[in-house]
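Take a look at the model below. This report walks through its rings, its core and its pocket.

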Amino acid sequence: MDMVDISASIAGQKLQSCLFNAAGAHCVTRGELFDLGKSRAGLILSKSCTLEPRKGNPEPRYKDLPYGSINSMGLPNQGYLFYGKIAKELKQHFSKPYFVSVSGLSFEDNLTIIEHLSQIKEIDALELNLSCPNIPGKPQVGYDFEQTEKLLDAVCKITEMRKKPLGLKLPPYFDFVHFEQMAEIIQRYPVKFVTCVNSIGNALFIDPEEEQVVIKPKGGFGGIGGYYVKPTALANVRKFYELLGNRIQIIGCGGVKTGIDAFEHILAGASAVQIATALVQEGPGCFARIEEELKEFMERKGYEKIEDFRGRLKVMD
Ligand code: OXC
């Protein structure tokens, strides 16, 4: 199986494995970031950071479900200065890229954070989160095209000046018109990658025995992940690959629990694949397992590297 190579390249960075964590999953604390460094993950991505450290929403705020998870974490994180400062240390210990996810609570916060992080050379790229569904009173920026454009306009001025690669974490879209409108905006900016998708926001899971919701914040509404979202995630990867794939890389995220799930994301057009629910449920050991499963499936198919099949999804005529 050593003949099979699952390395990847994202925003000019070489990844030994195309599999890594989604922002939010096992990447808040120093210990968790080090766990990712020691694991088979091809890259370390931080929790989405805000200006100030945040405790997040009241617990319980995450629940495993039969086919995935629901969460309303509310961006618990140690503040942007922490994720900037730890970059050097991570680089001393691990030879893999380090990306920082940014989710400022306002336009100005995002600019302050990005101005600072763009100047840290040990940070290889930034992933701007346009899609956190769990902050009461704050809509997902990625569903507001005007606001997205205004933010990209300002953010890209900074990242271009500082030569820091920028990617976007998008919410799932459900209508071709919305895919096209978003792609039209994104293609006007020097965005290196888009990550499709964040959780499906504001879903509701009900425990019928208890006649109750399963998480506390927002009356039980939260972002859904895992197998519930896989078909939606694949549709978003595919559509953005069709619309942007010739110049912007797509990172797949949503419902990846096995090597075959990762294979499907790559077949749809993903250049790398992030893992959230499976990482939370299984821990960082999931990367070695999913890597082996992906390699085994690729070998059975006669593929030596991911570029052999990436984007080559067949449709029926
Ligand atoms: N997506 C996010 O972007 N953030 C987190 N949850 C989620 O599903 C969070 O912290 O609430």
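## Aromatic rings

One aromatic cluster is formed by Tyr143, Phe145, Tyr173, Phe176, Phe179 and Phe240. This is a predicted model, where local features need pLDDT of at least 70, side-chain atom pairs count only at pLDDT 80 or more, and totals for chains, interfaces and linings use all residues. Residues are numbered from 1 along each chain as its sequence is written, and side-chain values use heavy atoms, with hydrogens and water left out.

A pair of aromatic rings is described by the distance of the centres and the angle of the planes. Rings of Phe, Tyr and Trp (its six-membered ring) pair if their centres lie within 6.5 Å; planes under 30 degrees apart count as stacked, over 60 as edge-to-face and the rest as tilted. The structure holds 14 aromatic pairs.

Helices (H or I, at least four residues) and strands (E, at least two) are DSSP runs, numbered from the N terminus.

Buried means under 20% relative accessible area, exposed over 50%, and partly exposed in between (1.4 Å probe, protein chains only). Tyrosine 173 has 2% relative accessibility, so it counts as buried. Phenylalanine 179 has 3%, so it is buried too.

Charged side chains also meet rings. A charge sits over a ring if NZ of Lys or CZ of Arg is within 6 Å of the ring centre and within 35 degrees of the ring normal. Lysine 239 lies over the face of phenylalanine 176, at 4.2 Å from the ring centre.

## The core

A nonpolar core is a set of buried Ala, Val, Leu, Ile, Met, Phe, Trp, Tyr and Cys residues joined through side-chain atoms within 4.5 Å. The largest one has 90 residues. Which members touch the most others? They are Leu168, Leu170, Val194 and Phe240. A second, separate core has 8 residues, including Leu65, Ala203, Val214 and Ile224.

Isoleucine 186 is in helix α5. At 0% relative accessibility, this residue counts as buried. Leaving aside residues up to four places away in sequence, isoleucine 186 touches Leu168, Leu170, Val191, Val194, Leu244 and Ile248. Contact means heavy atoms within 4.5 Å.

## The largest pocket

The largest pocket has a volume of about 810 Å³. On a 1 Å grid over the protein atoms alone, a pocket is an open set of points where a 1.4 Å probe fits, with protein on both sides within 12 Å along at least five of seven lines; lining residues have an atom within 4 Å of a point. The volume is the space filled by probe spheres set on the points.

The lining has 49 residues, and Ala23, Ala25, Asn71, Ala276 and Thr277 lie nearest the centre. Which element gives the largest share? Helix α8 does, with 4 residues.
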